[in-house]
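Please look at the sequence and the structure before reading on.

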Amino acid sequence: MKVMVIVKATKTSEAGVMPSEKLLTDMGRFNEELVKAGIMLEGDGLQPSAKGKRIRFSGDQRTVVDGPFAETKELIAGFWVWQVRSMDEAVEWARRCPHPMPGEEGELEIRPFYEMADFGKEFTPELRAQEERIRLEMERRQPKA
């Protein structure tokens, strides 16, 4: 199963305070463990919401809202995408994570990705074929390491 592990933002991360060398070292070590175990597919940190935008939809209208956004506890500071056998395995790995926001309350959220089977009969063979074509094209365009 594929999951996204979301690092929730804090007042400090939203203020743009960069992580310490110790945290960068600890996270680097943790990321290496994830990669060696075949768990980590992707991961990155996000800049504060002050540098972001939201697009609000209302009927046919689209409104652009500039950051920063008020509810820090609802914001994302970073993420990983992991391939795990189960949610329990994801929780085990997340418990090993260095504290992402030292000196503050920190939080990780783990959310499973949908799989094609989750969409049922509405996901027709034609839509499945289209999805496969899109995924193959995205993989083809990925920069090679």
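The sections below describe the model and then its features.

## Basis of the report

The model is predicted, so local features need pLDDT of at least 70 and side-chain atom pairs count only at pLDDT 80 or more, while totals for chains, interfaces and linings use all residues. Residues are numbered from 1 along each chain as its sequence is written, and side-chain values use heavy atoms, with hydrogens and water left out.

Strands (E, at least two residues) and helices (H or I, at least four) are DSSP runs numbered from the N terminus. Strand β5 covers residues 76-83, and six of its eight residues are buried, so the rest of the structure largely encloses it. Buried means under 20% relative accessible area (1.4 Å probe, protein chains only).

Two strands pair if DSSP finds at least two bridges between them. Strand β1 (residues 2-8) runs antiparallel to β5 and is joined to it by seven bridges; Lys8 stands opposite Ile76. Strand β2 (residues 40-45) is also antiparallel to β5, with five bridges, and Gly43 has Trp80 as its bridge partner.

## Pocket linings

A pocket is an open set of points on a 1 Å grid over the protein atoms alone, where a 1.4 Å probe fits, with protein on both sides within 12 Å along at least five of seven lines; lining residues have an atom within 4 Å of a point. In the largest pocket, α2 (21-36) gives the largest share of the lining, five residues.

In the second largest pocket, the largest share, three residues, comes from α4. Among the lining residues there are Lys2, Leu41 and Val81.

Definitions and conventions: Buried < 20%, exposed > 50% of the residue type's maximum accessible area, 1.4 Å probe, protein only.
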